[in-house]
Amino acid sequence: MREIINGERFVMGTCYYPEHWDSSLWEDDLERMLQAGIEVIRIAEFAWNKIEPEEGVYTYEFFDSFLELAQKKGMKVIFCTPTATPPVWLTEKYPEVLNADQDGLLYRHGARRHYNYNSPVYQKLCRNIVEKSASHYGGHPAIIGWQIDNEVNCELDEFYSESDTLAFRHFLQEKYKTIDGLNQAWGTIFWNQTYNCWEQVYVPRKTVHNTNNPHHLLDYYRFVSDSARRFVRMQSEIIRKYCKKEDFITTNGIFGNLDNQAMQKESLDFMTYDSYPNFAYCLDDYQAEDPIKDRKWSRNLAETRAISPIFGIMEQQSGANGWTTRMEAPTPRPGQITLWTMQSIAHGADFVSYFRWRTCTVGTEMYWHGILDYSGRDNRRLREIREIARKMEGMKEIAGARYAAKVGILKDYDNIWDARQDKWHERVDKCSQKSLFAALQMTHTPFDYVYLDDETDWEELRKYEVLFYPHASILTDARMKALETYVSEGGKLVMGCRTGYKDLCGRCVMDKLPGKAAELTGTDIPEYSFVAPDDGRVLADWDGTKVEAAVFNDLLEPAGEQAEVLARYASSYYAGTPALIRNRYGKGEAYYFGGAFALDTAKVFLDKLGVGTPWRETLKLPECCELAVREKDGRRYFFVLNYAPESVKVEVKKELRELFAGELIKGEAELGAYEVKIFAE
Amino acid sequence: MREIINGERFVMGTCYYPEHWDSSLWEDDLERMLQAGIEVIRIAEFAWNKIEPEEGVYTYEFFDSFLELAQKKGMKVIFCTPTATPPVWLTEKYPEVLNADQDGLLYRHGARRHYNYNSPVYQKLCRNIVEKSASHYGGHPAIIGWQIDNEVNCELDEFYSESDTLAFRHFLQEKYKTIDGLNQAWGTIFWNQTYNCWEQVYVPRKTVHNTNNPHHLLDYYRFVSDSARRFVRMQSEIIRKYCKKEDFITTNGIFGNLDNQAMQKESLDFMTYDSYPNFAYCLDDYQAEDPIKDRKWSRNLAETRAISPIFGIMEQQSGANGWTTRMEAPTPRPGQITLWTMQSIAHGADFVSYFRWRTCTVGTEMYWHGILDYSGRDNRRLREIREIARKMEGMKEIAGARYAAKVGILKDYDNIWDARQDKWHERVDKCSQKSLFAALQMTHTPFDYVYLDDETDWEELRKYEVLFYPHASILTDARMKALETYVSEGGKLVMGCRTGYKDLCGRCVMDKLPGKAAELTGTDIPEYSFVAPDDGRVLADWDGTKVEAAVFNDLLEPAGEQAEVLARYASSYYAGTPALIRNRYGKGEAYYFGGAFALDTAKVFLDKLGVGTPWRETLKLPECCELAVREKDGRRYFFVLNYAPESVKVEVKKELRELFAGELIKGEAELGAYEVKIFAE
Amino acid sequence: MREIINGERFVMGTCYYPEHWDSSLWEDDLERMLQAGIEVIRIAEFAWNKIEPEEGVYTYEFFDSFLELAQKKGMKVIFCTPTATPPVWLTEKYPEVLNADQDGLLYRHGARRHYNYNSPVYQKLCRNIVEKSASHYGGHPAIIGWQIDNEVNCELDEFYSESDTLAFRHFLQEKYKTIDGLNQAWGTIFWNQTYNCWEQVYVPRKTVHNTNNPHHLLDYYRFVSDSARRFVRMQSEIIRKYCKKEDFITTNGIFGNLDNQAMQKESLDFMTYDSYPNFAYCLDDYQAEDPIKDRKWSRNLAETRAISPIFGIMEQQSGANGWTTRMEAPTPRPGQITLWTMQSIAHGADFVSYFRWRTCTVGTEMYWHGILDYSGRDNRRLREIREIARKMEGMKEIAGARYAAKVGILKDYDNIWDARQDKWHERVDKCSQKSLFAALQMTHTPFDYVYLDDETDWEELRKYEVLFYPHASILTDARMKALETYVSEGGKLVMGCRTGYKDLCGRCVMDKLPGKAAELTGTDIPEYSFVAPDDGRVLADWDGTKVEAAVFNDLLEPAGEQAEVLARYASSYYAGTPALIRNRYGKGEAYYFGGAFALDTAKVFLDKLGVGTPWRETLKLPECCELAVREKDGRRYFFVLNYAPESVKVEVKKELRELFAGELIKGEAELGAYEVKIFAE
């Protein structure tokens with residue numbers, strides 16, 4: 001199976017819950033799946049009781065009989081560990097396994113993911129159930145891979161149980177060795193927070209106005225990530241002992257407070273993503289004026305690709321989302337399942353598994369529709385999926401091709417988690433991340449997210465002509481070293497306001513700003529301010545082009561001979577002050593921009609730096625279309641995805657082969673509502 | 001007294017709190033009431049301490065002396081049980097009687113209704129205080145009836161104490177016998193929620209994102225209703241032992257999570273309603289664009305009539321509403337007390353009691369104004385009530401007449417409670433219930449609510465030409481049988497989208513939709529969707545008339561020879577698909593409409609089905625007026641109520657007798673701001 | 001030092017945290033301060049651990065060495081008690097010292113002000129740390145004064161710990177002696193709340209819909225004030241034992257639920273205020289349409305002056321405000337630090353201390369910017385402060401002058417606290433207080449707040465030509481006596497709707513309204529109502545001028561021969577009813593207005609009563625400028641403060657001396673953006 005996921009061909013799957021249905025339905029269901037082109041199913045992710053219905057009592061018969069049928073029919077199976085939903089016998093007997101809110105009130109049985117990662121009892125019971133499952137089913141020929149837990153850190157990514165406090169103390173002792181080290185790191189001198197001993201330290205508890213120490217919070221988020229990773233790793237190591245050599249281990253994501261890259265590296269063969277673009281059409285959240293809507297899932301797919309260059313879709317939306325309690329949304333329109341499937345593939349997934357075969361008839365999730373409705377009768381959505389299977393045939397040569405981009409956006413977890421708990425950081429970060437993505441989408445500029453850490457080699461960066469690192473408040477010497485080498489070797493790096501003013505603890509540095517980035521960017525920042533609410537939009541003038549310096553403004557001065565002022569503020573009391581500095585550094589250039597990037601600003605940067613719309617000589621597309629490029633053996637495949645509910649015209653400027661029709665085309669082509677076309681060189 | 005309530009004449013009352021006032025005021029107060037035409041007072045509903053100031057210590061003197069005075073003055077008394085406000089000595093000694101929030105945090109002494117129904121201690125103490133009160137005062141000649149508790153399920157209609165969990169387990173054991181029965185009913189297979197034993201089951205507790213199992217919630221609401229009914233029944237049975245044979249037992253409502261019909265049948269002689277239409281003018285909630293405003297209380301009165309064809313008003317608004325904490329509203333304007341009193345009478349109440357004689361000078365409720373302000377001086381509102389007494393004289397022939405309607409809206413508690421905890425059901429239900437009521441009001445079409453249960457005989461339905469049953473997600477065989485007979489005998493039934501897809505547990509059925517309603521409606525539903533937020537209003541074309549199919553759309557196909565497509569969707573991707581099917585069935589017709597009913601849609605249905613504006617040949621009214629019809633001995637009384645703050649013209653098309661002036665009238669008549677006229681045939 | 005604060009010259013200070021910085025920075029910091037004109041620093045207010053790092057272990061060396069340096073450099077020091085941030089060793093060992101929310105959940109270590117005033121353990125530990133600090137440092141020559149705690153009642157001004165309940169019972173026993181006295185005062189007869197003994201009484205706990213007894217709440221707020229005052233007094237008495245005779249004791253405010261006047265009288269030499277006008281520009285709270293914005297801090301300064309005619313500014317804003325969690329705001333613009341400093345001085349402060357010298361690099365407050373940014377480098381803000389020091393030289397003759405006003409607004413804590421927990425009172429009060437202040441500002445009419453209590457002598461009032469007492473729901477005989485004397489001696493008193501309908505317990509009186517004010521105002525109120533939401537703005541006609549009678553309307557009748565109707569309602573159903581009555585009483589006049597005061601209404605009152613724009617013959621100013629007048633030895637100093645971001649013209653009608661330029665001026669003068677000019681007679 002590994003070779004399939006690895007790109008030899010496209011594979012379609014679905015999520016199946018044999019325990020939800022009378023066993024008399026199983027055989028027919030499997031046959032209908034296979035007829036539709038579905039050759040893999042995922043099972044058992046919430047089925048702890050089907051293996052251990054009471055503590056220490058094991059019953060393997062249920063899945064034995066199902067796997068036997070799967071094997072007989074030729075259906076391949078991804079088997080899951082059931083740890084996302086502990087049984088009631090467990091939580092009642094051991095309430096210490098439950099997660100709690102910040103007030104310490106426990107989340108009770110009846111939903112999902114109500115456990116904490118750090119309870120020794122839960123760890124023991126999980127080790128046991130994974131051991132039992134893997135040792136019993138691990139060798140079954142129908143099984144091709146394993147999923148650990150389900151959606152790690154979904155629902156809640158904060159944990160406040162007593163076990164978490166104990167584990168957090170341990171985590172901090174490992175990190176700081178002495179309590180004084182912690183006091184230094186957390187700046188506890190402020191507000192007289194100094195700790196005398198480890199027993200005084202807790203996970204962030206209820207405080208006046210929810211005002212916890214920010215350095216404490218930052219370490220806490222690191223701790224949550226660490227806890228989740230240890231929990232996954234514990235399971236992975238057990239499964240690896242028992243599973244067949246060729247079987248893979250994965251988990252499905254992607255969620256917050258979690259270093260997915262590290263988790264993937266240490267525990268998984270590859271990452272899978274759960275893709276639900278119809279969230280953009282949720283009745284309560286729909287934003288008519290948002291130009292991005294379901295294209296935002298391309299952002300999530302780019303994030304997944306940054307975790308795991310090889311990845312799959314474990315749950316691809318095939319029906320309306322919605323629980324009995326919230327998230328109500330319409331049924332995907334004709335063409336949207338295809339569109340969103342192709343969106344996944346365009347970004348690099350060769351395995352796509354639909355959530356779920358039949359819609360559940362009971363429980364909170366009974367409106368989270370699968371392919372089939374409650375009756376199980378054939379329907380429009382199943383017909384569309386059959387059609388997708390046929391399309392996959394026509395595009396099979398693409399399997400294994402890699403997404404190709406010349407622009408990168410740098411990220412790192414220190415800054416992501418700092419922005420999570422620091423409103424000042426959050427404001428600038430949110431604005432720029434949203435704008436940069438939208439600008440790249442609307443200008444048809446493929447891009448990658450690239451995660452920096454202290455081990456990042458500059459060689460990993462060199463394939464990008466331009467790297468944006470919008471608001472790296474926290475910088476380290478090692479990361480700066482990689483960036484300096486990247487620039488000196490000819491790269492272009494763009495940094496935005498608020499760069500470099502914090503250290504790894506989230507404390508402000510006492511250097512001149514932008515701190516560790518000062519030399520590379522040739523920039524000094526004698527003054528700064530949030531954009532005053534009565535200033536409206538602050539503009540800067542860049543050779544006659546007005547660009548917005550959004551949210552926060554660093555007032556700049558060039559430092560060093562290579563530093564050149566490219567733009568100056570054009571409004572507010574600091575009009576005339578430099579707003580953008582370019583510093584030539586080795587063979588490359590570093591840019592420091594004094595604001596956050598508004599949408600139009602991001603477009604101007606792409607244009608002025610010469611990386612926007614890179615395929616303009618090949619294809620001319622309206623803004624409502626996404627362009628993604630996959631490349632294999634020197635040949636490029638251009639995915640053009642029309643997210644609009646009406647047909648649009650595109651211009652094919654060079655002769656290309658359209659894969660579904662199998663025709664050569666040059667000149668105008670039409671894409672229907674939600675239609676996707678793939679053009680090969 | 002029973003004969004009075006039963007309609008021999010109109011009776012006016014008020015709520016009086018002798019314990020709030022120096023006893024020197026009592027005699028004068030009673031005399032002024034009697035002069036104003038008030039002949040009944042309600043007393044003692046929060047006065048536990050006046051009978052049992054400490055546990056086991058009883059002092060009857062206070063009400064003995066007040067009742068003696070009432071008797072002497074000729075004032076009739078409704079006596080209340082005081083169980084809505086347990087004393088502090090009780091809640092401090094037995095904190096288990098307190099209600100709790102879902103986190104388990106107790107609601108403390110100091111407000112009202114802070115108790116739970118299921119605490120054995122509270123039940124015992126309530127049995128005792130009711131026994132003491134009824135045995136001591138039951139034979140007093142001034143007493144004509146009893147009110148149990150006060151506003152059952154007001155303030156809070158959810159209960160999370162430990163006693164509730166214990167009683168809930170008992171309730172479930174009675175219902176399901178085995179824990180496996182409960183697991184089946186609640187679909188606990190989903191998310192691994194399977195229970196091994198009853199001790200693992202609780203009232204719905206705090207869960208992640210407040211995401212409790214929906215079938216659990218549905219049974220919980222049934223349990224709350226059951227608990228409240230048992231509590232009332234316990235009191236009713238005690239009072240019945242001691243009260244005079246001719247005295248009545250009632251309680252005042254109406255509030256949520258309570259099967260009022262069942263409560264009334266088993267425990268009460270009739271229901272009373274607390275009518276506060278001025279809530280429509282609360283400062284924070286006022287909705288300028290709402291065409292219904294205080295007419296919404298006609299909806300509540302229709303609900304009360306559906307509980308108890310004979311009913312009274314225990315609390316009729318006579319002053320500004322408002323607590324120290326919220327619900328601030330202006331003083332009723334001149335004419336509004338009359339308007340709202342006549343609204344109550346138009347819907348069938350012959351007993352109207354004003355809340356309250358004097359405004360309380362202390363406590364949370366000191367802005368909930370009664371007839372008199374703090375000083376007790378004569379005022380405009382008392383003068384208006386004196387005038388109402390005079391009007392009642394002029395209309396006395398109407399007493400005992402019944403509200404007459406040819407249109408019914410079917411309801412049942414299973415669907416009401418399902419909609420309460422299921423956002424998908426709630427959305428469609430809220431829209432249609434609001435629209436249907438508004439359409440009926442604005443077209444001057446009298447209607448009744450009719451509550452279905454498995455015992456409903458179709459004979460109860462036959463008097464209605466048309467029945468709407470907008471979104472009966474849950475259907476049962478017995479209810480379908482009654483409906484099928486109703487239609488086959490010539491009735492017209494209108495059902496809306498989402499009919500029939502659930503069973504009594506709130507689980508989705510695996511039949512073709514609309515499930516049990518498929519045959520009667522001649523309808524199949526191969527596909528469905530929420531109305532997409534970017535679709536705006538979805539319209540259907542019904543013989544050239546455009547009607548909105550709101551909120552959710554079933555895409556229909558006619559099934560069977562009698563099924564006929566009347567309307568097709570005219571927008572969205574399913575334009576052209578059937579949106580309305582009429583199925584001839586026996587002598588009648590069943591309609592299935594694919595959406596929820598918007599206001600204009602409801603008006604079109606009333607018109608096309610020939611039941612809108614039934615008295616168009618008699619009266620022509622502007623939209624701001626309500627028409628209600630009471631009928632007795634073959635004679636009709638037309639109540640015309642002008643809710644507008646300005647005068648309007650109405651056209652009397654047939655000669656009628658206007659009761660207050662006592663004149664025959666034909667042609668144009670004028671109603672002043674808030675004025676009511678009654679025309680008799 | 002006392003003489004400096006008392007007005008012999010202006011003194012500038014700053015807040016310094018030696019514990020936040022490497023001691024190698026201290027000397028340079030002090031020198032730079034002195035060069036900038038800063039001669040006083042406040043230290044140690046959160047530094048408990050620097051004196052008592054563990055229970056019973058004392059280390060005086062840190063501040064000894066810092067004070068020695070200060071003494072050497074000639075820097076004067078205000079030393080603080082550190083009780084606002086108890087150490088973690090304390091809260092962990094004695095969790096009973098923590099404050100709790102109303103559910104009883106404790107606020108934990110990690111923020112500030114997480115303690116309660118009533119814990120005996122905390123009181124003991126605080127007595128000890130204050131004793132240790134004062135006895136050790138009290139005689140140090142560098143010290144000139146003491147600050148108690150920090151921002152008493154900031155963050156939270158409600159307390160729900162068990163200690164609070166015990167102390168509350170004691171407070172109530174002192175006040176009411178018997179439990180029946182409490183029952184009477186709290187109207188517990190309503191809703192059967194009667195208490196049998198003190199042990200049943202608590203601080204207001206969680207109740208259904210947060211509906212606590214209003215009289216209970218009113219006493220609770222009095223209790224909180226009493227608790228805070230006792231806490232401050234305990235510290236003051238200890239410090240007084242040890243400090244040098246000439247040193248002062250103060251605390252910084254001002255916050256809610258606290259009788260600051262009483263606290264100041266019993267424990268302090270004078271009050272200091274923490275002035276942060278940039279809150280008006282917080283990103284989330286900014287209100288573009290508010291004409292007042294940062295001028296609202298003049299309202300706060302007037303409040304401070306009403307506490308302590310001599311007062312200082314302990315924290316004057318010098319950088320952007322903002323925590324990591326909230327309150328983000330831009331950096332003060334060039335000129336604003338000067339503007340806000342002069343605003344403080346204009347209202348009477350001769351001591352202004354900037355918060356803070358260096359911006360903290362750690363903790364929640366790291367964005368609450370001081371003068372210097374993280375690096376400590378020289379910057380624009382320090383330059384502006386140096387310039388302010390120079391300006392103070394030019395205006396030094398003003399030191400000691402008193403703010404001069406002819407208009408007063410009466411206030412009292414009974415009504416303030418009643419409005420806090422009573423929505424009806426809150427609505428009228430909020431509207432009138434906001435409007436009156438804005439009208440006074442925009443018409444350039446200096447005013448004072450004047451706090452009434454039962455000891456107020458009418459002589460304190462006589463200097464005001466006009467007193468507004470907008471909505472004194474609660475009145476007492478003693479206060480009415482003072483007001484009656486004030487009016488009879490020639491004063492003009494203006495009262496608004498809802499006057500006099502409550503007693504000191506917050507219970508409604510059964511008198512004719514306006515109760516105790518009926519005789520003085522010659523007014524009777526037979527009827528009243530909130531302004532109905534569909535009435536929009538209710539207007540009254542005052543000799544042809546239309547004034548809005550906002551929020552609530554008393555419908556008036558003149559009572560007595562001296563009563564004269566000045567205005568009548570001009571809309572709603574009560575059009576034509578009297579809305580304003582003037583009663584001649586002795587040599588003066590009392591006015592009763594039936595509504596709350598809207599902005600334009602307040603302007604009309606100022607104009608018609610002849611007290612608006614009192615300096616119109618001297619200066620003509622645009623609305624965006626504030627005029628404040630300080631007076632000394634018969635000479636007036638006119639502060640003109642331009643809050644607008646653009647320059648404006650003012651007209652100097654009489655020849656005046658402009659202090660900064662030192663020139664005589666008559667005719668047009670220009671003020672730049674945010675500029676302040678001071679004109680002397």
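## Basis of the model

Because the model is predicted, local features need pLDDT of at least 70 and side-chain atom pairs count only at pLDDT 80 or more, while totals for chains, interfaces and linings use all residues. Residues are numbered from 1 along each chain as its sequence is written, and chains are lettered from A and ligands numbered from 1 in the order in which they are written.

## Domains of chain A

Chain A is divided into four named parts: domain 1 (44-269), domain 2 (271-399), domain 3 (407-608) and domain 4 (619-680). The bounds come from an automatic or database domain assignment. Between domain 1 of chain A and domain 4 of chain A, the C-alpha centres lie 43 Å apart.

## Interfaces of chain A

Chain A touches chain C through 45 residues of its own and 53 residues of chain C. Contact means that the C-beta atoms, placed from the backbone, lie within 7 Å. On the chain A side, helix 9 (214-242), helix 15 (423-442) and strand 15 (523-530) each supply at least two residues. Strand 15 of chain A gives the largest share, 5 residues. Helices (H or I, at least four residues) and strands (E, at least two) are DSSP runs, numbered from the N terminus. By class, this side of chain A has 19 nonpolar, 16 polar and 10 charged residues. Nonpolar covers Ala, Val, Leu, Ile, Met, Phe, Trp, Tyr, Cys and Pro; charged covers Asp, Glu, Lys and Arg; the others, Gly among them, are polar.

Toward chain B, chain A uses 53 residues, which contact 44 residues of chain B. Helix 3 (48-51) and helix 5 (88-93) of chain A each supply at least two residues of this side. Helix 5 of chain A gives the most, with 3 residues. The side of chain A that touches chain B splits into 25 nonpolar, 15 polar and 13 charged residues.

## Helix packing

Two packed helices are described by the angle between their axes and the distance between the axes. Axes are lines fitted to C-alpha atoms, for helices over the stretch in contact, and angles run from 0 to 180 degrees between N-to-C directions. Angles under 35 degrees count as roughly parallel, over 145 as roughly antiparallel, 65 to 115 as roughly perpendicular and the rest as oblique.

In chain B, helix 9 (residues 214-242) and helix 10 (residues 260-267) pack at about 15°, with axes 10 Å apart. That makes helix 9 of chain B roughly parallel to helix 10 of chain B. Helix 9 of chain B contributes Arg229(B), Val232(B), Arg233(B) and Ser236(B) to the contact, and helix 10 of chain B contributes Ala262(B), Met263(B), Glu266(B) and Ser267(B). The classes are 3 nonpolar, 2 polar and 3 charged residues.

In chain A, the axes of helix 9 and helix 14 (residues 413-421) come within 9 Å and cross at roughly 130°. Helix 9 of chain A and helix 14 of chain A are therefore oblique to each other. Pro214(A), Leu217(A), Leu218(A), Tyr221(A) and Arg222(A) of helix 9 of chain A meet Trp417(A), Asp418(A), Arg420(A) and Gln421(A) of helix 14 of chain A. This contact has 5 nonpolar, 1 polar and 3 charged residues.

Leu513(A) and Pro514(A) are joined by a cis peptide bond, with omega about 5°. Pro514(A) sits in the loop between strand 14 (492-495) and helix 17 (518-521) of chain A. Another cis peptide bond joins Gly253(C) and Ile254(C), with omega about 10°. Ile254(C) lies in the loop between strand 6 (252-253) and helix 10 (260-267) of chain C.

Trp191(A) is not a glycine, yet has a positive phi of about 55°. Trp191(A) is in the loop between helix 8 (179-186) and helix 9 of chain A.

How values were computed
Two residues are in contact if their C-beta atoms, placed from the backbone, lie within 7 Å.
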